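Please look over the structure below.

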Amino acid sequence: MRPALDWLNGLLRRLPTWPVWLLGAVPLAILVARTLTGDLGPDPVKALEHELGLWGLRFLIASLAVTPLVWAGLRLLKFRRALGVTGFAYVALHFLVWLALDMGLRWPQIAGDLVKRPYILVGFTAFVLLVPLALTSTNAAIRRLGPLRWRRLHRLAWPAILLGALHFVMIGKVWTGDSLAYLALTLGLLALRLLPGRGAQGKSA
């Protein structure tokens with residue numbers, strides 16, 4: 001097992017981060033193509049909104065999974081930023097589609113939905129928590145804030161991703177196996193950080 005892990009880590013060490021960014025753009029390119037060809041069904045705005053949000057959640061959960069995989073011996077830490085920022089980009093697009101295409105920038109109705117619909121408020125809160133993380137996901141921000149303050153700030157990713165998964169569950173009138181699986185996976189990845197002996201390591205992720 002160890003030789004295989006060493007070989008894989010050697011490969012990961014040589015692999016640059018740009019393929020992650022490139023692969024992260026593939027779902028968006030497919031969604032744009034499907035939108036242009038009218039392949040998003042009878043309600044393309046809702047379908048686009050849903051798919052963007054789901055891909056955002058997937059990439060954010062993938063970023064959350066990096067730390068436990070690092071504990072397991074895989075050197076994936078250098079890819080976490082790309083996964084997290086890509087996830088935020090999809091979430092931001094999801095929010096903009098809802099704001100501009102779904103709601104038509106009707107601000108009184110938008111404000112009313114934030115108050116009346118709990119799942120929208122939960123999703124909006126998750127988005128707000130992600131904004132400072134995206135804005136400080138640079139080496140310059142780490143130098144400016146200092147590693148300790150930067151790590152503390154980026155712990156906001158934990159509640160943000162959890163709220164994002166909860167938002168996905170709450171959207172449907174009936175809970176589905178898929179939505180519950182995303183929530184369970186998120187809870188499991190967060191619970192791993194509470195294991196004895198993982199506290200100090202978990203603080204950086």
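Buried means under 20% relative accessible area, exposed over 50%, and partly exposed in between, with a 1.4 Å probe and protein chains only. This is a predicted model, in which local features need pLDDT of at least 70, side-chain atom pairs count only at pLDDT 80 or more, and totals for chains, interfaces and linings use all residues. Residues are numbered from 1 along each chain as its sequence is written, and side-chain values use heavy atoms, without hydrogens and water.

**Loop residue**
- Leu 105 sits in the loop between α4 (80–102) and α5 (107–116); helices are DSSP runs of H or I with at least four residues, numbered from the N terminus.
- Leu 105 counts as partly exposed because its relative accessibility is 42%.
- Phi of Leu 105 is positive, near 55°.
- Most residues other than glycine have a negative phi.

**Nonpolar cores**
- A nonpolar core is a set of buried Ala, Val, Leu, Ile, Met, Phe, Trp, Tyr and Cys residues joined through side-chain atoms within 4.5 Å.
- The largest one has 30 residues, and Leu 57, Trp 98 and Tyr 182 are among those with the most contacts inside it.
- At least two residues of this core come from each of α3 (44–71), α4, α5, α6 (118–135), α9 (157–171) and α10 (177–192).
- Another core, of 17 residues, lies apart from it and includes Val 20 and Leu 76.

**Helix pair**
- The axes of α5 and α6, lines fitted to C-alpha atoms over the stretch in contact, come within 5 Å and cross at roughly 100°.
- The two helices α5 and α6 are therefore roughly perpendicular, a term for angles of 65 to 115 degrees.

Terms used: Axes fitted to C-alpha atoms, helices over the stretch in contact; angles between N-to-C directions. Parallel < 35°, antiparallel > 145°, perpendicular 65-115°, else oblique.
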